Amino acid sequence: MSRHYEIFVGPNHPGVTGNFSVHVWLEGDRIVKLKPEYGFLHRGFEKLMERRETIRNVSIVPRICVPEPDINENLYARLLEAVDGIDVPPRARYIRTMILEMARLGAYFLQISSAGGAIGNYTVSEWAVGDRDLLLDIFEWITGARVYHIYQMPGGVRKDLPEGALEKLWSYLDYLEKRMSDYEEILFENPVALSRWKGVLVVTPDEVERFGLSGPPAKAAGVAMDVRKDAPYEAYSELEFEVPVEKDGDAYARMQVVKKEMLLSISLLRQIIEKMPSGEFLNRPPNFKKWIPKAGESYQALESSRGEYAYYGVFDGKSSAPRRVYVKGPSYAAGTAYMEYKMRGERLEHIPVFLSTFNICPPEIDR
Amino acid sequence: MKEQFEFEEIKVKEGDVFEVIRSLKSQGFSYFLFVTCVDWYPRDYFEVVYAFRNLNSGRNIKVKVRISRENPLLPSIAEEFPMAIYQERELAEMFGIKFLNHPDGEHLENMILEDWDYGPPMRKDFDSAEFSIRLFGERRYE
């Protein structure tokens with residue numbers, strides 16, 4: 001006779017990506033029912049943004065997503081630009097694209113760190129965090145801060161690139177390219193990882209559509225959707241790249257997409273460095289204290305490390321604060337209804353694999 | 001300025017929401033982006049915005065419905081779009097909207113907030129600064 005258990009995985013656990021807990025009902029080690037429990041990180045950002053003057057929100061938004069804060073800055077800046085009709089100089093667009101790609105790399109480092117931790121491979125956790133630290137050094141060099149950069153603002157970026165920043169980034173990319181073969185050996189093609197990933201948690205193209213998945217899970221299932229390609233923003237229309245796609249849809253395919261995405265980010269960053277135009281870095285917006293954006297609404301999206309990340313914002317033209325800003329994170333789709341559906345009948349050991357290969361980011365759900 | 005995504009927009013009445021969304025789904029708008037609510041206080045309505053995408057053609061569509069702030073009630077679309085289960089629970093908790101035929105039943109509160117009985121916090125007439133002073137007392141740091 002099998003035993004019935006009811007346990008919690010998380011909120012603090014090496015295999016859990018962030019403060020997020022999973023309430024599991026088990027029969028033996030088979031999952032009978034699963035309920036994602038979140039709310040540990042609810043800080044009421046959307047409400048907070050409705051209370052503050054437009055420009056003060058620039059320093060609030062990066063705190064929504066800890067592993068990848070720059071995407072929020074970019075979306076908020078673009079939201080205001082779209083509503084208020086502000087132009088962005090070409091150099092600023094390139095700098096922003098560079099920051100976004102660097103942010104993707106940083107976020108993928110944290111993902112492979114947790115993917116390694118989830119299968120007991122702690123070496124890769126340490127390595128990835130160490131390599132991300134070198135990236136944060138460059139962020140600090142450019143923006144003055146390591147995690148929350150508060151660098152992109154409506155009209156461009158806060159300050160110009162310091163001298164030598166591009167060279168520094170280029171030599172970091174050289175280092176990283178060599179380093180990727182180490183990661184290949186220790187994580188992506190590691191026999192232990194293969195036995196935990198191959199054929200596990202297979203996503204089908206039909207599920208992608210039905211549950212609203214995007215990013216690496218969708219690409220691993222063969223659905224080549226990528227906001228950078230489908231609706232190019234910033235300077236992506238001037239860069240050359242292919243959307244990385246796999247066809248198996250299992251955890252291994254998702255991690256292969258992650259690996260390809262990291263290599264793609266390196267190649268995009270090299271293109272950006274080569275094409276970086278000179279000129280203005282900021283098109284000054286109106287006087288911040290008197291700035292009341294025009295009435296209107298807009299949906300701005302970008303391809304984050306986890307998929308389509310978007311802001312839907314409404315301005316009423318009367319107050320400086322937005323009437324409503326809705327943050328749409330890709331983890332909302334993967335980490336709630338889809339997880340509940342997918343994990344039924346799977347084994348307990350697959351929970352960390354699910355969380356790390358889908359890279360669930362709970363602050364996107366809590367906000 | 002050109003928008004990044006072109007959204008077609010349809011405005012529907014409260015009673016037609018479910019039928020309209022179901023027919024959109026059968027026309028290929030089966031990729032659910034989000035549902036959210038905009039509070040137009042002091043005017044007496046909420047505007048609930050649903051957004052969908054057609055993955056084959058890349059077309060996007062927004063469905064907007066106005067509902068009263070006093071008695072906000074909508075049919076649940078969770079049967080058609082499983083992701084809406086959680087999005088609707090969030091709307092129920094944050095705006096106090098009631099959903100008919102929701103898979104989790106009638107009482108949808110307590111998803112993110114715990115032991116919360118101070119009213120839906122995302123409504124415009126909920127003043128969070130005033131609330132925190134009421135709850136914790138005014139503190140001054142010299």
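Two strands count as paired if DSSP finds at least two bridges between them. With that in hand, here are some close-ups of this predicted model.

**View 1. The open sheet of chain B.** Four strands make up this open sheet, in the order E1-E4-E3-E2 (chain B), and their pairing is mixed. Strand E1 (7-12) and strand E2 (31-39) of chain B form the edges, each pairing on one side only. On average, neighbouring strands of the sheet are turned by 20° against each other, direction ignored.

**View 2. Strands E1 and E4 of chain B.** Follow E1(B) alongside strand E4 (residues 60-68) of chain B: they pair in the parallel sense over 6 bridges. Phe7(B) has Asn60(B) as its bridge partner in E4(B).

**View 3. Helices on the sheet.** Helix H1 (residues 17-26) of chain B lies across E1, strand E3 (45-53) and E4 of chain B, and runs at about 150° to E1(B). Helix H2 (residues 84-95) of chain B packs on the sheet too, touching E2 and E3 of chain B, with its direction at about 5° to that of E2(B).

**View 4. Aromatic pairs.** Over all chains, the structure holds 30 aromatic pairs. In one of them, the ring centres of Phe20(A) and Tyr38(A) are 6.2 Å apart and the planes are at 5°, so the pair is stacked. Phe20(A) and Tyr38(A) are both buried. Elsewhere, Tyr299(A), Tyr312(A), Tyr326(A), Phe5(B), Phe7(B) and Phe34(B) form one aromatic cluster.

**View 5. Lysines over rings.** Here Lys168(A) lies over the face of Trp141(A), 3.8 Å from the ring centre. Likewise, Lys229(A) has its charged end over the ring of Phe241(A), at 4.2 Å from the centre.

Note on methods
Residues are numbered from 1 along each chain as its sequence is written. Chains are lettered from A and ligands numbered from 1 in the order in which they are written. This is a predicted model: local features need pLDDT of at least 70, side-chain atom pairs count only at pLDDT 80 or more; totals for chains, interfaces and linings use all residues. Side-chain values use heavy atoms; hydrogens and water are left out. Rings of Phe, Tyr and Trp (its six-membered ring) pair if their centres lie within 6.5 Å; planes under 30 degrees apart count as stacked, over 60 as edge-to-face and the rest as tilted. Buried means under 20% relative accessible area, exposed over 50%, partly exposed in between (1.4 Å probe, protein chains only). A charge sits over a ring if NZ of Lys or CZ of Arg is within 6 Å of the ring centre and within 35 degrees of the ring normal. Helices (H or I, at least four residues) and strands (E, at least two) are DSSP runs, numbered from the N terminus. Axes are lines fitted to C-alpha atoms, for helices over the stretch in contact, and angles run from 0 to 180 degrees between N-to-C directions. Contact means heavy atoms within 4.5 Å.
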